[in-house]
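User: Please examine the structure shown below and answer a few questions about its chains and the contact between them.

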Amino acid sequence: MDVGESPGLDLNARGASRRSFLRWCAAASGALTPAVARGLRGAPEALAQVAPKRGGTLRVGFYIEAATMDPHLSGSKIDRQVYHNLYDPLLVLDVKLGLQPGLAESWTQPDGKTLVFKLQRGVKFHDGTDFNAEVAKFNFNRMRTDPKSVRKGETANIESVDVVDSHTIRLNLRRPDASLLAALTDRAGMMVSPKVVQERGPDLERNARGAGTGPFEFVEWVKDDHILLKRNDNYWNKQTGPYLDQIRYRPIPDDTVKLASLQSGEIDVMDYVQPRDVAAVKADKKVVVVDVPSLAQFAYVMNHTKPPFNNKALRQAVISALDIDQIVKGVWLGVGVPSNGPIPPSSWAYDSTIPTEKRDLVKVKAKLAEGGQPSGFTFSVTTNNLPILVQEAEVMQAQLAEAGITMKIKLVDAAALLSDGNNKNHEMISYQWSGRPDPDGNTFQFFKTGLPLNWSGISNPKIDALLDKSREVSDRNERKKIFSDLTRLLHEEASMAFIVHPIEPKAFSPRVQGYEPIPDGMMRFKSVWLK
Amino acid sequence: MGRFLLGRLIAVIPVLVLVTAGVFLLIHLTPGDPIDAMMAESVDPGVKAELSRQLGLDQPIHVQYLRWMGRLLHGDLGRSIRNGQPVVEDVGRRIRPSLELALLAMLIALLVAFPLGMLSAARRNTPVDGTGTAFALIGICMPNFLIALLLIFLFGVTLRWLPVSGYTDPLEDPVNGLRSLALPAITLGLALGAVITRTLRSSLLEALSEDYVRTARAKGVSESVILSRHALKNGLIPVITVLGLQLGGLIGGAVITEYVFALPGVGRLVVDAVFARDYPLVQGVVLLIAVGFIVTNLAVDLVYGWLDPRIRYR
Amino acid sequence: MASGRLALAGAAVTLIAVVVALAAQALAPHNPLKQNLSNTLASPSRTHLLGTDNVGRDVLSRVIWGTRISLVAGFVSVALAALAGSLIGLFAGYRGGRVDGLAMRLMDALLSFPPLVLALALGAVLGADLSGVLIALGVVYTPTFARLMRGQVLTIRGREYIEAARALGASGGAIAWRHVLPNAATPIVVQASLSVAFAILAEASLSFLGLGVQPPEASWGSMINAGRGYLRQAPWVVFGPGAALFVTVLGLNFLGDAVRDALDPKLRV
């Protein structure tokens, strides 16, 4: 078809944009063959009949302010959204969560404990420094040894890094780690300019000028007001962008106001549409919604280390008293699927044969008796004071009450929640994990004995063994089986009430074109352009 | 006057010491700690211990307090835990939007309150008075965030007259700046206007019952002249007091408005800091707000004393 | 007189609110906690006069039951503040000297603390439930009452009948109780009646920041806060409690004005 000549693409801007949007969505949900999907990344012209336009400022609304501009010191989810446009990781994810070349052009694994990366040539940081093997080594060492580095956990398995030649590095691992490659698609694989680190020191956290290699460069950050990025005209991979002149991120804490901003045209992109707004937003012709299946896992963790939930039967009673389908339908309004374990449906390791927990009031009675509390018992759940979580807790409270179990709700703010979780100062606590592309990221640190994020205090040698094995084995089918076994064991231990794998709907102005929804929820704007 | 001022200034010091102790104690008592909050997704006990040590958080609490006070006496308010920036800089950047918002809100409040207050006083106990009072009361009978949301939906989304969120500096871009502050200023101004209306009304009524007014009336001066020239002069005093107090309170108190409209002001800064348990930032900002409040109070007292010679020395 | 009518209206509203709070059980048409996930956000109808909320509970019943909590929030926090403040002010004013100085410096410190931050932090320390909010609000309002009481004490102390009583040999405590307190009570009562309305509103603001009654209980403030995300699709969820809040606070304001006008016409805010 000739570009721009198709009768289907007429002057009705809204219709056209919606259609090309829907094409991207179809691609995202895997409706196209893998070949075409791979082709998508490299040659959008094949599908979009309108050529991308350069220029314009994309205004993005987020729910919270970023914390730091240094990817090695970052511990919060929102930072990552900016990083994926500012920095490049060694590997990148595609729409099917597959691993694609990033700053690493190719990689090999000569044996289980060695990874060799061939790095892209001709890449420069925004400050002009060359990217090469020495730089990569510097970055890995920083992640492993800097006292404030938050990437120590992810890079713990790297024993040493060797520079093989100017554009080849070798990672020597302590133990085989099949999850490491996926970790390198995010912060643990992001490369920062050594010159900036050395010259600017801690100021990098606020000022990332010149620090990255990404499609956009850092301009300024006015706290609680905006973060401004501008196009990197010297980007090393100009195949599909960048097209936008600038990106402007704005934190808008109230999500009603955020939606109103989108609807009144003050922002072009919204990072998350609340389930309660999804129906209205989808009906709004001035806005386009993209359902992005996420890697996230929302659940409730029960504390094994103290009463009442040191008693397995009582844990099982609670789980059997909950009606997860009703929660997903009534609270999440279908913007998500009932969860059967820590691994989300968008992951290759997802096992649809493992059933979700179903409500069973008869079983509840039996388990209550078994647990020595035949007439029910009382416990408290610590949860975040977010409207949807409050609603979820209230529904759970009613469900449990019907089964004779009294649940008290204790609302706390985020800092107190994290503290209570880390210190195991709770009976049941709400847990929302944003998810990682490798199933290891959704499991290891939460279920292995003694790790800090193991909020339940679960300690099961069989689970520990499976977790270790999942890293040693590299064959995907084998790993998938291991994770399935793990999930079944988790159901048996009943330490967590798995509730939902949410979908993260994102909303756009119809002017926004070329958005590629990757299931990790990160918004990468390289291929995006404005009509 | 000089002795009065000096006396007041000296009296301020113990108050500030109490404020420092109070805010320090309070924020350190809240459950949760800043490092957990910062490292939400990647808890590493080694890193946590190191950060704790670096930030001095592993010291006993009285040591931390003394250290902070020591630095304070050198004029150093410390650095924010989250981003390492000096507290003074953080606050300095945020004062402008808060101040602009407060002044604009006061302007709107006065524009509303003066006609309403004078009318109500002039037509005391008539339906006009009742309606005026009720109308003014709307501002203080609805929660702030509700007023804000209603204004957003009406003027921002439906009519699209004004931007819904975000901040543009009126000093740099007057038109867009004022537009961005309009809705938040109206939200705050309604509440403030209600308070001022009532204050003005009652102080005008009191002034109107004074002897010199009766004399003026007897001399045949018209009612409106009496109201605007004689009564108003004296009726202004309590209004100024209230305005001063409110201004001091508005700077740190417009939290909800700043939050809803996504304005980068001081109120939002301090609340976010509380949520993040950013101890130095909370302590520093609260102290600065307290100082601002006290200074404004002092200024009001001085103006008060200057306007009404009867109450100069207490 | 119009002011008389307003005062009457205020008194009536307050009375109705108190009655509703006390008789909630009898007045509420439905169980305020009963959820119905297949009938959420239903618009007002004959069975649900104010519609249902996001988990299918009857809004009217929740508003009725919420009266109790909102009124408690208002009255109890002000009572705490008035009590604490009066004691402090009485003590300070009577003793004078350094005790007075210290007490007033403490009150000044409290007053210059940004109130929302104070309440937020106190709530986080005391626990975010209703009792935490009551204490937090009580602390925030205490200085006002303390100052008021102290001012009254200082004025009354110099009066002749006090001198007379002392000359007759009455003890300090007896004088305070029998002579000072009754005369100082007036402005306290006036201030209290005005503060209740503010306290109820403050509770609503605090629930916005996450403090207050814990679910599934609800105050008007927490209902408005929980419902604000549904303002466009189901406005009755917000306007039900919002109207109740507005009318009650308005009525309390009129009542407070009337109390002030009645007890001391010379006294102005």
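User: How much area do chain B and chain C bury between them?

Analyst: The model is a predicted one. Buried area here is what the two parts lose on being put together, summed over both. Carbon and sulfur atoms carry 79% of this area. For chain B and chain C, the total is about 4100 Å².

User: Which residues in chain B lose the most area to chain C?

Analyst: The contact draws 46 residues from chain B and 45 residues from chain C. On the chain B side, three residues together account for 15% of what that side buries. These are Leu26(B), Cys141(B) and Phe145(B).

User: How many helices and strands are there in chain A, and why is chain A described as being as compact as a globular protein of that length?

Analyst: Chain A contains 16 helices and 20 strands. The globule rule gives 24 Å for 531 residues, and chain A comes close to that value, so it is as compact as a globular protein of that length. The radius of gyration of chain A is 24 Å.

User: What percentage of the residues in chain A is buried?

Analyst: A residue counts as buried when its relative accessible area is under 20%. Of the contacts in chain A with a separation of 6 or more, 70% come from residues 24 or more positions apart. Among the 531 residues of chain A, the buried share is 61%.

User: How far apart are the mean positions of the positive and negative charges of chain A?

Analyst: Chain A exposes about 19100 Å², with 52% supplied by carbon and sulfur atoms. Its charges number 68 positive and 63 negative. Their mean positions lie apart by 1 Å.

Note on methods:
Residues numbered from 1 in each chain as written. Chains lettered and ligands numbered in written order. Predicted model: local features only at pLDDT ≥ 70, side-chain atom pairs only at ≥ 80, totals over all residues. Heavy atoms only, no water. Helix = DSSP H or I, 4+ residues; strand = E, 2+ residues; numbered from the N terminus. Rg over C-alpha atoms; globule rule 2.2 N^0.38 Å. Buried < 20%, exposed > 50% of the residue type's maximum accessible area, 1.4 Å probe, protein only. Contact = heavy atoms within 4.5 Å. Areas by Shrake-Rupley, 256 points an atom, 1.4 Å probe, with all protein chains shown as cover. Lys, Arg positive; Asp, Glu negative; His and termini not counted. Charge placed at Lys NZ, Arg CZ, Asp CG, Glu CD. Buried area = accessible area lost by both parts, 1.4 Å probe.
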